[in-house]
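We will go stop by stop through a few places in the backbone.

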Amino acid sequence: MRAIIFSFSCAVLLGVLPGGAQAQAPTHPPDFTGIWGIYRGAPGADPKFRAPAPTPLVLKPEYDKPYQARRAEEAAAAKRGEQLATPGAECIPYGVPTMMSVAIYPVEFIQTPKQITIIAEAFSEVRRVYLDRPQEKIEDVAPGYYGRSVGHWEGDTLVVDTIGIKPTVTLRGIPHSPQMRITERIHLLAPDFLHDQITINDPVMLEKPYTYTVAYKRMPSDYEMVEFVCDNNREYIDANGIVRLKLHNK
Amino acid sequence: MILHAFRTKAHCAVVLAAAIFGSASMASAHHSFTMFDMSKKVTLTGTVTSFEWTNPHSYIEIDAPDEKGVMKHWSIELGSPSILMQSGWKFSTLKTGEKLTIIINPLKSGQNGGFLSQANLPDGRVLYNGPRQEPPPGPAQK
C-alpha cells in the first residue's frame, strides 16, 4: 500500500499525471475500462503517444510467394478499377486481431478482476480475455473468429495470449497456421492513452514474429457507442471474385 | 508504409485521413474507392426517395436528372452512421420528398451511383461524407 502511495506521489511530482479533467489516480492493476478511439496524432502532436512502426513482416518463402502473388493480383485489379473479394465484403466479422483497429471506430474495454470484455464498435465484434484461468492447448480450442484469450498482469502491463483463430480469419490477408499465437501487451502511457502491442507468433509460416501497435486515446466521457449491424450491405462478390455494388432499381 | 486498401469492407471508412497521417498505423484501412471515379465530380439536384441510415454504409436514394437531363434514380453511398455523426449528420437529416443538391464521385461502371462528396441541405448547411467538416481525402498515394 505504501509503495502505491509513494508511486502516486512520485508520479504527481514528476508531472506524469496531467491535471486534466480525465486524470485518474493510478490503480494497480490499472483499469482499462472505457471507450478508446484510434489515435494517430495530428501533425505536431506529441509523438510519444503514437504507435511505433511495426516490425517487418517476414513470411517463410513457401508462404510468402502466394501472399505476394495475391497482393499483386489485388494491385492489378485496383488498376482496372476493381476490387477482389475479401470476407469483409460480405460482412463476415474481422475477428482477432483486426477488430482492435478497424478504420476509426472505437473499442470499448469493460474490465472486472476476472475478465476484460472488449467490444469493437465496427460490426459490434466482441472478445473476452479471461484473467482468472489458464490457457488451453491449441488442439483443444475450436478454431474461430476470436479464439480463446487469457491474460495476466506483468506490473502495469496486461499480457494476453490468444490461440484458436481459424485460417480464414487473417490480418490483412496474412496467412497463418493453426499454431499461431497472438501475444498482446496492453498498457497505459498516460491516463488517456493506451497502447496494444500485438505480436503474431507463427513458427510454421513466419520467419520471425510480427509486431505492430495500435494506439488509442480515450473518447470523451459522454461518448456512447453506436450500434453497428450489417443489414444493408450493398456489396456482393460476382462469379469472378470481384466486389460489385448492388444498386436499388427503380 | 501507408496501409493500402486491400481489404474490402463495405463501409465508408474515411480512414483515408488515417492513411495520410498513419505511417505506423495498422488500422484496417479500406475503402472501395476503386469503384468510384474519385477524379470526377457530378452535381445532382433532385428529390430524396429514401435516406438509409444503415451499416456498413448509409445511402441517399435520389431521383435526379443526369448530365443529359434524363431523370434517373441514383444510389449514393455515404459512410456509416458512427462516422457521419462526427460531422453533423443525424438519422433524421434527410426526409423523403426533400429537394437536395449533392456532389458525388460517380461509379466507374457508368451505373447510376456514386460516393457522396458533399450535400447541400435544404436548410443551407453543407455536410460532407466523413467525420470531418470537409470533403474526405481521395485515395492515398503510395
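This is a predicted model. Begin with strands E3 (115-120) and E4 (125-130) of chain A, and select the loop between them, where Phe123(A) is found. Ser124(A) lies in this loop too.

Look at the backbone here. Phe123(A) is not a glycine, yet its phi is positive, about 65°. Ser124(A) is not a glycine either, and its phi is also positive, about 50°.

Is Phe123(A) buried or exposed? Phe123(A) is buried, because 22 other C-beta atoms lie within 10 Å and 20 or more are enough to count as buried. Ser124(A) has 16 other C-beta atoms within 10 Å, so it is partly exposed.

Next, select helix H2 of chain A, residues 61-79.

Step just past H2(A) to Gly81(A), which takes a positive phi of about 80°.

Stay in chain A and go to the loop between H2 and strand E2 (107-111), where Pro97(A) is found. Select Val96(A) with Pro97(A): the peptide bond from one to the other is cis, with omega near 5°.

Now switch to chain B. Find the loop between strand E1 (42-52) and strand E2 (58-65), which holds Pro56(B). Select Asn55(B) as well: a cis peptide bond joins Asn55(B) and Pro56(B), and omega is about 0°.

Terms used
Residues numbered from 1 in each chain as written. Chains lettered and ligands numbered in written order. Predicted model: local features only at pLDDT ≥ 70, side-chain atom pairs only at ≥ 80, totals over all residues. Helix = DSSP H or I, 4+ residues; strand = E, 2+ residues; numbered from the N terminus. Expected span 1.5 Å × (residues − 1). Buried ≥ 20, exposed ≤ 12 C-beta atoms within 10 Å, placed from the backbone.
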